[in-house]
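Please keep the sequence and the model in view while reading.

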Amino acid sequence: MTTTDISLETSLREFQVETQELIDAELDRLIPSELTPPATVHSAIRWSVFAGGKRFRPMLLCAVGECFGSPSAALLPAACAVEMIHAYSLIHDDLPSMDDDDLRRGRATCHIRFGEAAAILAGDALQALAFKTVAEDENLSTEQRTRLVREIAIASGTPSGMVAGQALDLDAESRAVGGDELEQIHRLKTGALIGAAARCGAIIANATNAQLSVVSDYAAHLGLLFQITDDLLDVTASAEALGKTPGKDMRAAKATYVNIHGLDGARQLGEQVHARALATLEQLDQRTERLHAIADYILNRTT
Ligand code: GRG
């Protein structure tokens with residue numbers, strides 16, 4: 001079964017399960033085995049990557065690519081590259097010098113299990129492997145590979161990507177943060193990579209610039225919605241459901257949507273952003289049921 005075999009009539013749940021299987025198999029093919037030296041680094045990478053994440057970003061990339069008619073074989077390596085960047089960011093985010101967490105995806109964080117040096121190297125290697133994966137992808141034209149490398153690099157780094165967002169977030173820990181600054185932090189820290197995932201799917205499918213612009217707007221709303229629901233889950237979900245330590249942001253009095261807007265205010269904001277994501281999709285002539293369902297899923301997610 002390939003993702004192109006998954007008809008638009010199947011439920012999002014079925015699409016998630018089937019895409020997850022394909023992504024996991026491709027990640028397993030792309031990531032060196034635990035026996036390949038340096039074994040500790042590869043074991044640390046596999047420990048974190050195969051710990052059962054939702055694979056939301058690769059799923060989004062595949063859904064957008066399919067929406068514009070791409071075959072699945074062309075989508076999977078880039079989808080894995082985005083997941084590798086995401087996994088690297090979680091490994092580094094959990095380090096003592098950053099969020100200092102000992103639980104992620106329901107198991108010990110990478111540095112708790114393998115030590116800090118191995119965790120740093122695992123994150124570094126995952127980032128490099130992500131770019132190698134796209135650069136070597138023979139399903140794509142040279143121009144497409146270059147465009148994807150650029151998209152993923154911009155979304156991962158500074159001044160417009162995840163590293164910039166993480167730096168702003170760390171800086172904001174020691175002072176009061178308003179709603180606009182909070183949005184800017186999360187547009188970079190969480191939204192940039194989600195946006196890159198969606199845009200990469202569209203680029204692989206040879207979407208026009210006008211279509212790409214709509215996809216960017218949709219993904220920007222989705223990224224914000226993802227962060228709002230993340231903040232809500234931090235106060236409403238259990239450690240078992242989340243697979244990470246809940247309540248940390250609240251206890252640390254970090255700037256979150258719940259801390260700034262209250263529980264009901266954050267829920268209302270989530271509904272508004274969800275509505276904006278759906279309205280954006282109306283600009284497309286393609287069938288967008290799956291992208292619609294993804295926005296619904298993010299609004300209502302429980303993990
Ligand atoms: C260290 C450069 C660097 C960046 C870290 C991603 C990130 C930036 C920090 C993670 C902190 C955090 C909880 C952000 C909120 C949104 C988010 C990225 C949640 C985790 O993503 P999920 O829910 O996780 O998709 P799974 O495990 O399902 O893949």
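In helix H4, Ile85, Tyr88, Ser89 and Asp93 meet Met162, Val163 and Gln166 of helix H8, contact being defined as heavy atoms within 4.5 Å. By class, this contact of H4 with H8 comprises four nonpolar, two polar and one charged residues; Ala, Val, Leu, Ile, Met, Phe, Trp, Tyr, Cys and Pro count as nonpolar, Asp, Glu, Lys and Arg as charged, and the others, Gly among them, as polar. The model is a predicted one, in which local features need pLDDT of at least 70 and side-chain atom pairs count only at pLDDT 80 or more, whereas totals for chains, interfaces and linings use all residues. Residues are numbered from 1 along each chain as its sequence is written, and side-chain values use heavy atoms, with hydrogens and water left out.

H4 spans residues 72-93 and H8 residues 162-172; their axes come within 12 Å and cross at roughly 20 degrees. Axes are lines fitted to C-alpha atoms, for helices over the stretch in contact, and angles run from 0 to 180 degrees between N-to-C directions. Helices (H or I, at least four residues) and strands (E, at least two) are DSSP runs, numbered from the N terminus.

The whole structure contains zero disulfides, a disulfide being a pair of cysteine sulfur atoms within 2.5 Å. For cysteine 62, the closest cysteine sulfur is that of cysteine 80, 8.2 Å away and so too far for a bond. Cysteine 62 is buried at 0% relative accessibility, and cysteine 80 is likewise buried at 0%; buried means under 20% relative accessible area, exposed over 50% and partly exposed in between (1.4 Å probe, protein chains only).

Most residues other than glycine have a negative phi, and most peptide bonds are trans. Proline 37 and proline 38, however, are joined by a cis peptide bond with omega about -5 degrees, and proline 38 lies in the loop between helix H1 (12-30) and helix H2 (39-49). A cis bond also leads from threonine 158 to proline 159, with omega near 0 degrees; proline 159 is in the loop between helix H7 (142-156) and H8.

Aspartate 100 has a positive phi near 50 degrees and sits in the loop between H4 and strand E1 (103-104), where aspartate 100 is partly exposed at 46%. Arginine 105, with a positive phi of about 50 degrees, occupies the loop between E1 and strand E2 (107-108) and is buried at 16%.
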